[in-house]
Amino acid sequence: MNNINDTLIPKIGVITDVRIDTPDIKTFRVVTPDGKKAFDHRPGQCAMLSVPGVGEAMFSITSSPTNEEYMEFSIKKCGCVTDWLHQAEAGQQITIRGPYGKPFPVDDVFAGKDLLFIAGGVGLAPLRSVINYCRHYRDRYGKIDIVYGSRSKDDLLDYNEIIEEWSKDNGVNVYLTIDNPQDGWDGHVGFVPNYVKELGFNTNKVAVICGPPVMIKFTLDGLCDIGFDKTNVYTTLELRMKCGVGKCGRCNVGAKYVCKDGPVFRCDELEELPGEY
Amino acid sequence: MQRVGVFVCWCGSNIAGTVDVQAVAEALKSEPGVVFSTDYQYMCSQAGQDMIKTAVKEHNLTGIVVCSCSPRMHEATFRKTAAAAGLNPYMVEIANIREQCSWVHKDMATGTEKAIILGKAAVAKVNLNAPLTPGESPVTKRALVIGGGIAGIQTALDIADAGFEVDIVEKNPTIGGKMAQLDKTFPTLDCAACILTPKMVDVAQNEKIRIFSYSEVTDVKGFVGNFDVTIKKNARYVKEEICTGCGACLEKCPMKKIPNEFNLGMDNRTAIYIPFAQAVPKVATIDPTACTMLKKGKCGICSKVCTAGAIDYTQKDEYIEEKYGAIVVATGFNPISMDKFDEFAYSQSKDVITSLEFERLTNAAGPSAGKLLRPSDGKHPHTIVFVQCVGSRCEACAEKGKEYCSKICCMYTAKHAMLTRDKYPDTEVYVFYIDVRTPGKNFDEFYRRAVEEFGVKYIKGMVGKVTPEGDKLKVQASDLIANKQLHIDADLVVLAAAIEPDKSARPLATMLTASMDTNDFFTEAHPKLRPVESPTAGVFLSGACQGPKDIPETVSQAGAAASKVIGLLAKDKLTGNPCVASSDELMCNGCSSCANVCPYGAITYAEKEFRMPDRTTKVRRVAEVNPAVCQGCGACTVACPSGAMDLKGFANLQIMAEVDAICK
Amino acid sequence: MQVNEYKPLIVAFCCNWCSYAGADLAGNNRLNYPADVKIIRVPCSCRVNPMFILRAFQRGADGVIICGCHPGDCHYTSGNYYARRRMTALFSMLDYLGIERERTRLEWVSAAEGAKFAATMNDFVQQVTALGENKRLEDLRCKK
Amino acid sequence: MRKCSLDKINLLFAEIAKNAVLYLPVDENDGSAVYKKWEDGTAYSNALNTVRSPKDFFFPQTENLMGFKTLGKTIEVIDTRVEPDDFVIFGVRACDVRSFDILDRVFLSEPVDSFYASRRNHGIIISMACTRPSETCFCKTFGIDPAEPQGDISAWKTETEVFFKSNTAKGENLLTALDGILEDCDNNEVDAQKAKINAVMNRLPLKNLTTDGFGGGKTAEIFDSPKWEELSESCLGCGTCTFVCPTCQCYDIKDFNTGTGVIRFRCWDSCMYSDFTKMAHGNNRNTQKERFRQRFMHKLVYYPENNEEIFSCVGCGRCLSKCPISMNIVKVMKEIGGNKGE
Amino acid sequence: MQKITGDILIEKASALLSSGTVSCVLGWKKGEFGYDVTPAVFSSVEELERDFVYNDFCGANFSKYLVSKTRKLEGKILVFLKPCDTYSFNQLLSEHRFDREKVYAIGIPCEGMVDISKVKATVGEGISSIDTDGDNLLVSTLYDEEPVAVDFKSVLAERCINCKSKKHVAYDELLGEEGDVIENSRFDEVARIEALTPDERFAFWQNELSRCIRCNACRDACPACTCEKCVFDNPASGVENKSPANSFEEKLFHIIRAYHVAGRCTDCGECSRVCPQNIPLHLLNRKFIKDMNEFYGEYQAGEEVGMRAPLVSYTTEDLEPGEALTRRDTDA
């Protein structure tokens with residue numbers, strides 16, 4: 001075991017906690033068998049989890065790098081690996097390798113700026129890492145706005161954390177919305193892109209969008225409509241990552257390799273790429 | 001993956017004697033998915049079952065493996081147990097460690113090792129089980145009987161008697177079938193009409209029974225309990241509900257030279273006709289190929305003489321759609337054509353006739369009013385030769401005749417011979433036969449009477465040639481017992497023509513997706529155990545459409561078919577076997593391989609719209625399995641090249657998991 | 001008995017209605033056959049996909065036998081006829097590829113033929129034992 | 001420059017095979033050539049090239065990465081790695097030698113693929129000049145000179161002799177070790193052969209094929225060309241071109257359950273396969289046109305863009321002769337690049 | 001008989017395009033060296049005149065393309081079918097794989113297609129052009145001063161040497177005269193292998209199949225392999241596999257592939273034509289065809305639309321597997 005040393009060879013991870021977030025999303029806490037964090041990472045980076053015999057799959061690391069005890073992954077059920085993980089219980093071992101990809105430029109571009117995070121559905125997972133990182137180093141950043149929407153109240157990820165922690169922070173505003181009216185919901189109803197336009201943010205800030213491709217597209221259009229410059233908008237394409245190391249030949253969008261050049265992209269960079277992401 | 005509980009049964013010492021049950025329970029603990037494993041003396045006992053129920057609750061089990069006796073023994077028991085514990089009953093798998101392990105192996109180590117492997121296979125399978133729910137479908141409480149001969153009549157009467165509605169579809173203008181054409185019936189010699197016509201009247205008068213005469217089935221859709229049938233009522237140009245059957249029109253009709261089908265063309269009828277006096281319904285029918293009014297628009301006499309005003313030259317074929325829960329096929333038989341049997345001079349001489357023609361000749365209502373007269377000259381025949389097995393048991397001449405035995409000929413020929421000798425003692429009667437087969441109640445006695453009491457001359461041997469010469473028929477034959485050639489100058493030769501299924505049966509079978517054998521007889525669901533059911537659920541067989549039969553056999557089969565129908569119609573809902581095939585339409589090529597091998601016609605095709613990856617939509621043909629019809633054999637799953645078709649409960653992945661577990 | 005005697009691994013696919021019942025009857029009558037035979041229950045012999053057979057060989061089986069109702073007795077009327085054609089085609093192909101034909105067999109065993117079941121299995125095990133390990137259709141990754 | 005007479009070539013092979021596994025092209029019954037391990041009596045093929053490229057030596061079609069054993073909820077990772085033996089590949093053509101540089105840029109860039117790297121370290125490449133190029137050859141388009149093949153050692157074969165020149169320390173060491181068989185010589189015969197080769201090169205039908213219209217930064221220009229649809233119209237979506245290609249390196253990582261454990265292996269994959277980019281949430285290249293475009297854009301635009309304008313094609317011509325429908329990179333270059341190559 | 005040339009086909013196709021009978025033409029497009037023709041869709045007369053070609057290298061069987069092209073393209077497609085292609089055409093129709101109404105099929109006679117690897121084996125690498133001269137091909141190469149004459153018959157593809165039929169079993173229009181089903185010895189090689197000892201057979205196939213690189217060309221070119229999703233590509237099938245990881249996987253893939261097309265394979269020979277490794281894959285398919293002919297009576301897939309293949313039918317008198325094998329042994 002000791003002499004194996006290749007980027008493709010994983011470590012053992014142990015699932016220590018499984019939290020049911022929504023009907024199809026669970027959040028898994030993972031450490032090494034000796035109880036440590038598997039590796040250090042930066043906000044926006046991903047890790048390859050795998051179940052021997054089932055396969056490998058890439059997930060963004062949901063927990064903040066500032067969490068030095070463990071990593072968390074919010075995983076939506078949508079394939080054989082995720083199906084398997086969803087029926088796993090605490091104590092189950094999996095394998096983990098990473099971190100992969102370029103992180104969000106939290107320490108340079110983001111520093112000192114107002115930040116706007118926009119997420120849809122499970123798209124909050126990659127952003128949670130950044131949001132919590134920025135909350136942890138609260139004084140390094142300006143005002144933080146978070147717009148988050150999902151199909152219904154039950155489909156909102158990290159709801160407790162959002163309500164109990166984020167929205168109570170100073171200088172952090174959380175705007176939640178759901179697609180359709182629902183009993184017991186007195187918040188905003190409507191799609192995220194429209195909500196963003198309604199809210200009409202001041203454009204002197206950095207925006208980060210994550211969610212389903214359509215939602216990203218319309219939100220980006222919405223931001224441009226209200227005067228945002230694409231050079232200030234970031235998103236992540238981590239769904240396109242496969243081997244994690246930029247060699248297997250799948251992740252390229254044009255000449256850019258998501259595994260190496262991304263997954264975090266500035267929207268003006270994306271604009272230059274052929275439309276096949 | 002499931003949360004599996006493993007329960008190893010000792011079956012007293014039946015299992016525990018050769019299998020270390022604790023070791024099995026222990027070994028299975030580390031199998032994937034297993035969260036609980038135990039053993040017990042009698043798993044099938046109340047205490048054992050309670051143990052399972054408790055474990056399901058305590059360990060939150062989603063799957064159960066019982067290592068015990070054969071699933072043929074207690075699978076049902078443990079499924080009920082699972083259901084009682086709140087699990088889907090199909091989340092149970094049995095590892096057969098008694099019949100297929102402890103009882104056949106002597107050595108404890110061997111037995112234990114194998115039991116563990118069988119247990120692992122069951123665990124591997126149950127991990128891939130999915131809850132199954134038997135499909136339910138409602139039952140239309142009405143039966144359709146296709147064919148109005150004695151088989152159809154008896155079936156219909158029996159079903160109606162149980163209180164269900166029945167429709168009979170008969171292609172002829174009247175019900176009655178072949179039996180109505182017969183004179184006497186063997187072996188009791190009671191007159192066919194005397195026993196049949198009361199039944200026909202019963203049918204007519206039974207308010208649960210509707211008769212669609214002069215009609216045929218043109219389309220069948222649906223499945224057991226829910227057939228949608230289209231019936232074509234041929235235009236008879238007579239308003240059925242108005243016609244009184246008085247017969248005035250028949251007398252006046254100028255077209256009087258139409259060969260009379262009922263008498264097999266031995267006499268004539270009119271263009272408007274009633275097949276016979278006791279016809280049901282007793283309604284006239286205009287033969288459109290003969291009626292000058294219909295053909296040329298001239299005549300109209302029948303309309304003028306009909307006081308009831310029943311004639312309607314403008315009548316059109318009518319299509320009726322009706323729903324049925326069960327369909328009984330009673331399409332009966334016909335004698336085969338004698339065209340290919342020129343050696344008997346059938347086409348050359350009017351005095352060579354078939355046995356059915358002989359029936360009409362001797363029938364009081366027949367063309368000669370019951371007097372046995374030669375068709376050619378109306379003279380009384382003094383020497384009659386009966387030839388048996390004409391086209392039956394024709395192994396060497398399959399293109400001419402049939403390989404099978406027509407079963408009824410031996411007995412009716414004995415009857416004909418006996419009646420002839422009885423009525424006309426001066427007549428010499430020869431019967432040429434291959435074998436005389438009399439395996440029925442009082443049948444052999446009957447035949448012996450013909451020979452012994454009535455002096456019928458039975459000769460084992462075949463007739464080689466019949467040559468008309470003058471007013472005689474020269475019969476050349478061989479006597480196999482005396483081993484000599486015979487030459488007989490006969491006045492009349494009667495051919496016992498083989499019988500074959502009615503020609504309407506083949507297209508009907510296609511409509512019903514009911515299978516047929518190479519002779520076009522309907523096949524039964526099981527030749528021994530389910531003789532009156534077709535493999536297609538909800539389709540039943542009555543009478544000679546399934547194989548040659550005499551009247552008593554037909555009637556008893558008709559009753560049996562009726563009781564099966566009654567059993568079906570008595571249900572409000574049909575609960576299917578949930579282990580049925582199903583097709584993944586995304587993978588399906590629509591190639592029909594599966595439908596080709598389905599013995600039940602459970603697979604149909606539909607054009608479905610699919611969203612293509614490039615966001616366009618395309619229509620593609622895909623297979624659909626009707627779970628109410630599928631019996632779960634799995635033939636289709638292997639015929640399917642793309643693997644789209646799979647069998648619930650015995651899925652590809654499940655069986656492969658078992659293979660893997662056994663071989664690891 | 002020798003200690004390190006070669007034990008073949010035999011996978012038997014038995015149809016639920018006849019052969020599986022025949023195997024049960026062999027049990028009821030305490031008719032011995034080697035424990036090397038492991039039975040997989042299938043509804044009908046026509047459920048046996050050639051892929052299952054190759055899979056068994058891949059995973060280490062030394063012989064595969066398919067048992068079904070006698071021709072004419074299929075619970076589903078025709079399943080065993082299809083099985084017969086399929087297995088004929090497959091076995092012939094395996095033979096063509098030089099894989100020992102003695103490793104595969106199709107037998108008809110009725111529910112009443114417990115003795116035939118046991119005898120067939122005894123015979124088949126003997127036949128496969130004589131061939132020794134399956135080398136021509138093995139997957140080395142699956143070797144223990 | 002050193003040489004060895006052809007009579008002694010087997011002695012030379014035997015000597016090389018003493019310390020390393022020697023592979024060289026060998027004729028097959030069907031007329032094609034294949035790299036085989038040299039054993040006494042193995043004859044070196046005269047064929048222009050092998051059907052499979054020598055990339056297999058460094059990037060085999062299937063290789064085990066590791067194993068797993070699972071017990072209950074625990075997992076044990078098992079090292080299945082075997083350190084490769086030293087090996088020598090003899091007779092690699094100039095085009096294929098270039099393919100190793102192209103693969104190196106993928107596998108040896110950070111993070112280094114240690115499986116590939118280890119094989120690279122253990123392998124010595126002896127190249128061979130091409131005296132009879134085929135009509136399908138277009139290595140020159142990519143600046144490759146078949147008369148001057150690279151590799152650790154370059155070789156030229158004449159009717160009677162084989163000439164060697166080392167290009168690397170590894171190569172030099174090997175040649176030194178073969179001192180007993182080789183003799184020093186001048187460049188005259190090799191130079192003569194080079195001149196001959198160059199003369200042939202000027203007769204090749206594809207001699208004027210250029211990379212005009214391709215290269216880094218051309219994405220916007222040609223990505224949406226309507227020609228892609230036309231060119232890909234009859235593509236079967238098989239993997240022949242990618243699997244015979246010396247520079248195609250896409251792979252997949254799969255698990256195989258052995259019944260008692262799991263083997264994780266890497267195997268070649270093809271961007272031409274319909275499910276290549278299919279992942280849990282969808283597929284971003286759903287049509288054969290997109291997949292077809294990806295393959296050629298990668299070789300002719302994306303790769304050069306990221307690798308100092310080096311094209312990921314070496315002009316070996318394998319895809320020209322092996323594509324079931326005779327669609328190939330040359331046709332693409334002519335259609336899309338707009339150069340007629342004449 | 002008039003030889004069918006590219007010009008005749010262009011004329012025919014142009015007329016049908018111009019009259020609007022068809023909206024596009026599935027035909028062959030010129031390549032670089034004469035022999036590398038590519039199947040292509042032509043939608044204008046100009047394209048046809050510029051690129052269309054019909055020569056001795058037009059081996060590709062177009063029937064399979066109809067499955068995808070009738071779904072994708074609007075209007076009627078003109079397709080040229082050689083006799084052997086028409087069998088595949090019918091077989092696909094039997095399996096309802098495309099809409100007959102969307103196709104206009106022209107049968108064209110075929111004297112056999114040339115296997116370029118045989119030409120190369122004769123004249124060597126470096127072919128610059130190929131012309132026809134009577135019964136010879138005139139091959140110009142980079143290394144010969146004069147074109148080399150090669151006997152056409154000697155370089156015919158294996159499948160054409162053993163051609164089973166010159167008869168078109170389906171078409172809307174036929175160019176040239178109708179041919180006949182012909183006597184052939186296509187099963188000889190199968191019989192030769194059958195007659196080997198099991199050890200020899202094993203060695204033969206082990207050697208052949210070990211060369212497989214699982215490029216799937218055989219499958220993707222096969223007009224019988226038109227599954228919406230192949231079991232070997234489907235992770236849910238349990239047998240999905242991408243690489244010939246070892247000799248078992250090689251056998252599994254080729255046995256199952258041949259089995260899946262058994263009774264549906266028309267013996268068009270595309271699998272062997274496209275195999276980059278020259279594996280004689282048709283010998284697997286032909287084995288199934290030969291067996292079924294011998295065991296269940298002659299059957300030619302695609303002869304008519306709607307026939308029932310041997311593996312989806314049966315008789316109660318069929319041979320038992322053991323009997324079948326023994327009978328074959330004694331016959332051989």
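This is a guided tour of a predicted model, chain by chain and contact by contact.

Residues are numbered from 1 along each chain as its sequence is written, and chains are lettered from A and ligands numbered from 1 in the order in which they are written. Because the model is predicted, local features need pLDDT of at least 70 and side-chain atom pairs count only at pLDDT 80 or more, while totals for chains, interfaces and linings use all residues.

**Chain A**

The chain averages 89, and 99% of the residues score at least 70. Confidence is highest in strand 2 (residues 25-31) of chain A, at 95, and lowest in helix 3 (residues 159-164) of chain A, at a mean of 84. Helices (H or I, at least four residues) and strands (E, at least two) are DSSP runs, numbered from the N terminus.

Next, select residues 11-100 of chain A as domain 1 and 115-272 as domain 2; domain bounds come from an automatic or database domain assignment. The C-alpha centres of these two domains of chain A are 21 Å apart. Their contact takes 20 residues from domain 1 of chain A and 21 residues from domain 2 of chain A. Two residues are in contact if their C-beta atoms, placed from the backbone, lie within 7 Å. On the domain 1 side, strands 1 (11-22), 3 (46-51), 4 (55-60), 5 (71-76) and 6 (93-100) of chain A each supply at least two residues.

**Chain B**

Chain B has four domains to select: domain 1 (4-126), domain 2 (142-331 + 513-569), domain 3 (333-500) and domain 4 (581-648).

Zoom in on helix 2 (residues 21-28) of chain B. Which of its residues are buried? They are Val21(B), Val24(B), Ala25(B), Ala27(B) and Leu28(B); buried means that 20 or more other C-beta atoms, placed from the backbone, lie within 10 Å of the residue's own. Looking down the axis of helix 2 of chain B, the buried residues fall within an arc of 165°, so they line one face of the helix. The arc is that of the directions from the helix axis to the C-beta atoms. Show the cover over these residues, which includes strand 1 (4-9), helix 1 (13-16), strand 2 (34-40), strand 3 (63-68) and helix 6 (108-126) of chain B.

**Chains B and C**

Show both chains B and C. Among the 9 pairs of chains that touch, this pair has the most contacts. The contact takes 35 residues from chain C and 39 residues from chain B. Helix 1 (19-28), strand 2 (37-42), helix 2 (50-58) and helix 3 (79-96) of chain C each give at least two residues to the chain C side. Helix 1 of chain C has the largest share, 6 residues. Chain A and chain C, by contrast, do not touch, and their nearest C-alpha atoms are 14 Å apart.

**Chains D and E**

Finally, show chains D and E, where 38 residues of chain D are in contact with 33 residues of chain E. The elements giving two or more residues to the chain D side are helix 8 (240-244), strand 11, strand 12 and helix 10 (318-322) of chain D.

Strand 11 (residues 251-257) and strand 12 (residues 262-268) of chain D pair in the antiparallel sense over 7 bridges; two strands pair if DSSP finds at least two bridges between them. Lys254(D) has Phe265(D) in strand 12 of chain D as its bridge partner. The hairpin of these strands has 4 residues between the strands, and Gly259(D) takes a positive phi near 100°.

How values were computed:
Buried ≥ 20, exposed ≤ 12 C-beta atoms within 10 Å, placed from the backbone. pLDDT = per-residue confidence, 0-100.
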